[in-house]
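Come and read along with me.

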Amino acid sequence: MILENQTKRGLGQSVDWKLIGCYLLLILIGWVNVYSASHATDGTSALDFATRSGKQLVWIVTAFGLAGLILFVIPARWWEGLAPWLYAGVAFLLVAVIFLGVEVKGSRSWFAFGPVRFQPAEVSKITTSLLLAVVMSQPNFKISQIKSFILTALVIALPMLIILGEKETGSALVYAGFIFVLYREGLSGWWLALIGLVILLFITTLTLSPYTSIVILIAVLCICNAFQRPKEFMPWILIGAGVVLVLSLIPWLWGLLTSHITAVNELRTNLVTVPEADAPTGLSKLSFLLKIEPLHILLVLALGAIPWFTIKSFRERNLFLGLSVATLVAGIVLVFSTDFIFQKVLQDHQRKRIEVLLGMKEDLSGVGYNVNQSMIAIGSGGMRGKGFLNGTQTAYGFVPEQSTDFIFCTVGEEWGFAGCLVVILLYVFLIVRLMLDADKCRESFTRIYGYCVAACVFMHLFINVGMTIGLMPVIGIPLPLLSYGGSSLWAFTVLIFIFIALYRQEKKYF
Amino acid sequence: MDNGRRTRLLFGLGVAAAILLGKIFYIQLIDGHYKEEALRNTMVYDVIYPTRGVIYDRNGKILVGNKVAYDIMVTPKEVEAFDTLTLAQVLDVTPEFLRSKMDEYHRNIRSIGHQSRVMLRQVPAETYMRFDEVKYRYPGFRGQVRSIRDYPINAGGNLLGYVSEVDQAFMDRHPGEYKRGDYAGKTGIEAAREADLRGEKGYHIYLRNAKNQVEQPYKDGEEDVEAVPGHDIVTTIDADLQQFGQELMQNKVGSIVAIEPATGEILALVSSPGIDVTQLADIGKHYKEIAQNPYKPMYNRAVQASYPPGSVFKLANGLIGLEEGVLKPEYQYPCNHGYHFGAGHKLGCHGHPSPLDMETSIMMSCNAYYCYVYRNILDNKKYKGIDEAMDAWREYALSFGFGRKLGTDFPSELGGNIPSGSFYNRRYGKGHWNSITVISNSIGQGEILITPMHLANFCATVANRGHYIIPHMIKASEGVEIDPKYYERQYTLVDTTQFPKVIQGMWRAVNSGPGMGGTAWVAAVPGLDICGKTGTAQNPRGADNSVFICFAPKDHPKIAVAAYVENGGFGATWACPLASLMVEKYLTGDTQRKDLERRMKEGNLMGRVKKDK
């Protein structure tokens, strides 16, 4: 096998045509939908360069030029060496844009050169992926080592924080996707679980109650310990089930008791003439209990249990149990600070978007308007959709930003579930193909870079589509290759084609 | 290990894609409400405006009807480039007007969207016909039928009030009831009975496709709502009498109010200068002119102007004196060209025989007589002090409806003023005033203020011998209810037996013949048995106001009239003949005294009236 591959191969054999085909198909679908989304306001000529579809065509052609440049002109082996410089350069641009950029919808993240606007945050995905691949492909790199871990974290966090500073929350969130790359390269899966747990606790605290959140936290930790120690599987499950059962009953029992005390108290105040001896004084002396909430009982129980489990973990040298206890403590702190984070740390519009998403507030005219109209557009598509240019939601402009961030609405409305299925499967195919190709590579650099590209595409896909169907808060990031806009199209073209070039180089020489 | 991780990542990817597709599947194929919402988003409401209720007079004549006019509507999104000049000619407007309108729509195109805007209001039928022939050349323009007000007779402009399109402030005051483009009554009966008159809008719902073409009725018209016409209103107004009153009052400032005593129904309510119905029909055009008129035609003097009643009020003081027992019809008091009090003070009077009794005092309107009566009321020993006596007198006056809002069904009625004991205590200090201080009240001057409506109601009360029914001008009719209070008798605190004594004086004031000292002999019409009382009220802003109240016939009265003419001089000069002509017109259907009628109609007192700036 290896010997066969050593001969130099031509373009036809060395490039992943399926990947490129998928890329072209998505771009074509995007262009058709951009035309549909904008023809009602822009006029009917698809090729008129004053219209969005006309402009998009320009972006597409130039993107093809960029792709050619990367495939045929720039030697693929340069990327590894260029990575740190590009990264530094883009980091500089990211900072510079805060001072020199123009403000678009509340965030300063765009450079404007006449009519052309350009967002460094889009490019930053590429340079971060490249540098990440460089750092993680070093021979002495091991993610479980603290030094490697910190270096990786820095590479990701630097652009992420600057972009957060530009108030481009959506773009910053994409960087969280690199955790999947780290996982692929050896990061413990518990980190993913931990992040999932944090999100879960945040949501349950906001929508249900801190009490319920803590009960869920305890249950999750018990189950994790059960699977981690198969020997103690049953005891852990029993402990978990018992604790959850008791804790679920406490609020109910408490409700009974306190309502009884209140009733007795009312009786006593209403019937002052009743001799003291006759009144049921025993219960009313417990009035102080009224001030106690089930949450307090829970905390007292936890304070007792935590030292006990800590000691147990030391005795048994059970690191996982120790970490579980730490997680419990951290989880409780998180639950109680959720409200603070939600009210004080998040900005007003972010808070509202989350409230709408979690159904805490019905706000169909304000923040919830976009999502509602977007869901109406998609939901009204049915199985086969209303047909090209027949989407009424699209035509009447009920969905704002429809050719950019909400392009998926047009797909859903005019092409129906069939269209959505095709588009999402194409993305899944693209991501899977990237991962499989990456895994075939010998060079860790190429492999890691490939995973980075896959992670970026995945994050954009999930956040963007999730937003249009009310699964994610409204976060303004484009749908890769489909949304109108040059910055995004160019960035994803470059991102993907660097991988194709790197992959081609592998195939050529191995 | 590595492959295991990739597998898990692929598995995760599959789960994520399944979540997205699952939710999409759910909203597209399971939850139907999004389709319904999308349909709603494409609905076009074709509004059908109801015709407004017709307003009738008491005899079935139409005071306010409806006629058809057209609004020219524009849907800016559908407008294509067009020949401004031709369309302007067709619509009778300047090309600049069209251009500026189109520019305006263009600027606000985002907020207008696919909606229509009214470009021209109430275009007459002829213009619309011209437009209708060529409108196929102007996509985006269409006509909408609106029914607008039509006034067959020029009667009761101020009463009727006007209808105009609601503005933002009006919509804010009535949240949820009105939309842009709706009409509403703004003044008079149109405003007071808006809820009855307006009817309910209907609409047809259509669905449009993505190209903004109307495709089909929504749910086969199942949810369409037909317009419900407004209820007709029957007023108590006699259109002929109202019109006659307006003609009599032209070029004079003041009011005539006529009431049917038995029912409290207002037969005519003239406020002059008033608003012509031609102005009402096109209030938009005339509004500025009306608002700038120094004589304030919008101001309804009949219920809003507070005047001193003058000698007419002697009747009230006489009745109160009788009821209090401090006056007997046979009491005689001297009059030496007035009532002399203190050191050289005098409340003057005109020349007439002296001393005289109560009946004659009414007939000849003696001032001095009522100074005695009023002082007797206030200095009555049964009260602890003058302030208490004053309050007792006030209670009587209030029971006649004076000094407070009567509660008519006419909006913006004012209450006038009857002073109280505490009022004078505040003004002069307790114990620092006596019956002399307030002696002007005896003859209806001083602090007493009434509206012409009060006077007419008072006249009806006397005609009814002691009770009145709150004056009103809407009759109960099919679908229109009126407050039960408009059927109830309101008794005064003066016993009904006292009234005939006063009425006899009023009869003599009119029917004693010229030269006999009766102040209102001008009003006499043989056979009509008119009873009346003149008044001449001082007006600090110029010549005295001329006041007269009368009712007829003496027994079973059919009409009570109050006339108040600003700066008209003696009551007998203007108010008296005016009221008398009204009575004659109402009772006989015409007038015999054509000379008097012409003199009254031609009389112009506007020069005497001080204008407001």
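Below are my entries, one topic at a time.

**Ground rules.** I am working with a predicted model, where local features need pLDDT of at least 70, side-chain atom pairs count only at pLDDT 80 or more, and totals for chains, interfaces and linings use all residues. Residues are numbered from 1 along each chain as its sequence is written, chains are lettered from A and ligands numbered from 1 in the order in which they are written, and side-chain values use heavy atoms, with hydrogens and water left out.

**Confidence.** I looked up the scores next. The model has ipTM 0.88 and pTM 0.62.

**Salt bridges.** I reminded myself that side chains of opposite charge can pair when their charged atoms come close. I counted a salt bridge when a side-chain nitrogen of Lys or Arg is within 4 Å of a carboxyl oxygen of Asp or Glu. Over all chains the count comes to 40 salt bridges.

I then followed A:Asp439. Its salt bridge with A:Arg184 has the closest N and O atoms 2.4 Å apart. A:Asp439 lies in helix H19 (residues 407-440) of chain A and A:Arg184 in helix H9 (residues 178-184) of chain A, so the pair ties together parts that are 255 residues apart in sequence. For helices (H or I, at least four residues) and strands (E, at least two) I used DSSP runs, numbered from the N terminus.

A:Asp439 also meets B:Arg6 in a salt bridge, at 3.0 Å from N to O. B:Arg6 lies in helix H1 (residues 2-30) of chain B, so this pair joins two chains.

B:Asp71 is in strand S3 (residues 62-74) and B:Arg146 in strand S5 (residues 141-150) of chain B, so the pair ties together parts 75 residues apart in sequence. Both B:Asp71 and B:Arg146 are buried.

**Aromatic pairs.** My rule was that rings of Phe, Tyr and Trp (its six-membered ring) pair if their centres lie within 6.5 Å; planes under 30 degrees apart count as stacked, over 60 as edge-to-face and the rest as tilted. The structure holds 40 aromatic pairs over all chains. A:Tyr23 and A:Phe497 are edge-to-face, 5.0 Å centre to centre with 80° between the planes. A:Tyr23 sits in helix H3 (residues 17-42) and A:Phe497 in helix H21 (residues 486-509) of chain A, 474 residues apart. A:Tyr23 is buried at 1% relative accessible area, and A:Phe497 is buried at 5%.

B:Tyr307 and B:Tyr564 have ring centres 3.9 Å apart and planes at 10°, so the pair is stacked. B:Tyr307 and B:Tyr564 are buried.

B:Cys349 is buried, with a relative accessible area of 14%.

Definitions and conventions: Buried means under 20% relative accessible area, exposed over 50%, partly exposed in between (1.4 Å probe, protein chains only).
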